[in-house]
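Take a look at the structure first.

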Amino acid sequence: MAAISLLNPKAEFARAAQALAVNISAAKGIQDVMKTNLGPKGTMKMLVSGAGDIKITKDGNVLLHEMQIQHPTASLIARASTAMDDMTGDGTTSTVLVIGELLKQADLLISEGLHPRIIAEGFNQARTKALEVLEKLKIECKGNREILVDVARTSLRTKVHHSLADLLTEHCVDAVLAIQNPGKDLDLNMVEIMEMQHKTATDTALINGLVLDHGARHPDMPKRVTNAYILTCNVSLEYEKSEVNSGFFYKTAEEREKLVLAERQFIEDRVKKIIALKKKLCDKTDKNFVVINQKGIDPLSLDLLAKEGILALRRAKRRNMERLTLACGGTAMNCLDDLSEEQLGFSNLVYEHVLGENKFTFVEECKHKHSVTILLKGPNKHTLTQLKDAVRDGLRAVKNALDDGAVVPGAGAFEVAVSKELHKFKETVKGKTRLGVQAFAEAMLVIPKTLSVNSGFDSQDTIVKLLEEYTSLDVPVGLDLSSGEILKPADQGIYDNYSVKKQILGSCTVIASNLLLVDEIMRAGMSSLKG
């Protein structure tokens, strides 16, 4: 009796060798797109959206997010790589390259008749060994500022021009060290990244305080104050509709007038409490007073505050309210009763900067530094977007180094060491599995090969030099991208994140093994479920 096929007759499917070929060609395809981006000498990609917006970038994460990938396997690899960026902030391009190369090497073995399951087992053994090598190579960096600067510089130079990367490096390290609180997890949300379309990218600065993207709403308020008490509050200083539906009934115009006055008086009493505190603390001293409110302040209240020389900002963003108390001290108040000096923050300098139609308020020289702002400047939107992506990666690189307490030699040194150690390890593996280990060892060399090609050098020549040098010196050696010679990464301060390398080894092996073991691909519609 003929076998009954329960497959939807309209379904497209690929079996066995064909399915494998589909997966491998997809991995090779996405690898070819991404490999020219790797490293400081990588090239740029220009993305044009449907609306005609142009984006020029070499950041793997941005590319994979923005590209419209149709192929399901390529889309799977892209998603795995962007998940890698969400976890560690780096390593997207490397992940794509290693997965593609693992499948390329496996393809050679499969064409000679080796079963994919044996290759997958070899990959798993090789990964375990590679993680041991990673543990051996890691360099402790418990809070060493020099190493943190090197890690950030290595990451940033792969994203932007090296002169700009060196400037951003200092800002990223100083920002993370400022918000570091011993005994607590690092929260990078406490570093505000503010964009200002003004001057050039090299004018980007680190502000020890906050930059708010709005200004005072009254022309008579001071534009610059020093030695300022800062009241952060979430109190409405304007008429508000009641939360429940209510009505007020009056018979005469006098009653209505009294009602309006009572409502006005309620708001004025709140404003007077602020003014009373300002008079108590600031009169006959050189101190000033600033109010930053999350809710609204109506024109009459603004007028009263302006007469007293108080700088007031309304409708501040919630995230800024959290950061203000961390930067300036004090507490965010939800009620203006019993206000006292202990509840106020303090800043040495608060000033307004007007740029075209936009106003920015700078709160600088704060009492505490648990929240800082990196102010990105650039002549156009494209530059600012590129800077923002780069700074985010730089901050993550510093955070990873602090969390891991260790770094790994960069410039392809780790991959060369893993490849060499796996070739030694292969001799101890019995049976055909050793071919899987060998394939893994060869695949790891894709990183130094690609780095050398992107820098304009011969890949074979480079790999031979690297492997010879590693064998003779028995210390991690990498590639100098300027001269094509061999260097010791530790001497040049080229370090990668330990957690990034660990994630690459883990996720690439799992994804490559899973794709190898796929022997049927079905693109079946829902119609197969209908009777």
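A charge counts as sitting over a ring if NZ of Lys or CZ of Arg is within 6 Å of the ring centre and within 35 degrees of the ring normal. In this predicted model, K138 lies over the face of Y498, 5.0 Å from the ring centre. R224 does likewise with Y351, at 5.3 Å from the ring centre.

Searching the whole structure turns up three aromatic pairs. Here are two of them, with their values:

| Pair | Distance of centres | Angle of planes |
|---|---|---|
| F123 and F440 | 6.0 Å | 65° |
| Y229 and F346 | 5.6 Å | 80° |

Planes over 60 degrees apart count as edge-to-face, so F123 and F440 make an edge-to-face pair at 65°. F123 sits in helix α5 (residues 116-137) and F440 in helix α13 (residues 433-444), so their pair ties together parts 317 residues apart in sequence. Are these two buried or exposed? Both F123 and F440 are buried.

The pair of Y229 and F346 is edge-to-face too, with its planes at 80°. Y229 belongs to strand β8 and F346 to strand β11 (residues 345-355), so this pair links parts 117 residues apart in sequence. Y229 and F346 are buried as well.

Most residues other than glycine have a negative phi. N227 has a positive one, near 45°, and is partly exposed at 21% relative accessibility. R315, not a glycine either, has a positive phi of about 50°. R315 is found in the loop between β10 (311-313) and α10 (318-328), and at 48% relative accessibility R315 is partly exposed.

Definitions and conventions. Residues are numbered from 1 along each chain as its sequence is written. This is a predicted model: local features need pLDDT of at least 70, side-chain atom pairs count only at pLDDT 80 or more; totals for chains, interfaces and linings use all residues. Side-chain values use heavy atoms; hydrogens and water are left out. Buried means under 20% relative accessible area, exposed over 50%, partly exposed in between (1.4 Å probe, protein chains only). Helices (H or I, at least four residues) and strands (E, at least two) are DSSP runs, numbered from the N terminus. Rings of Phe, Tyr and Trp (its six-membered ring) pair if their centres lie within 6.5 Å; planes under 30 degrees apart count as stacked, over 60 as edge-to-face and the rest as tilted.
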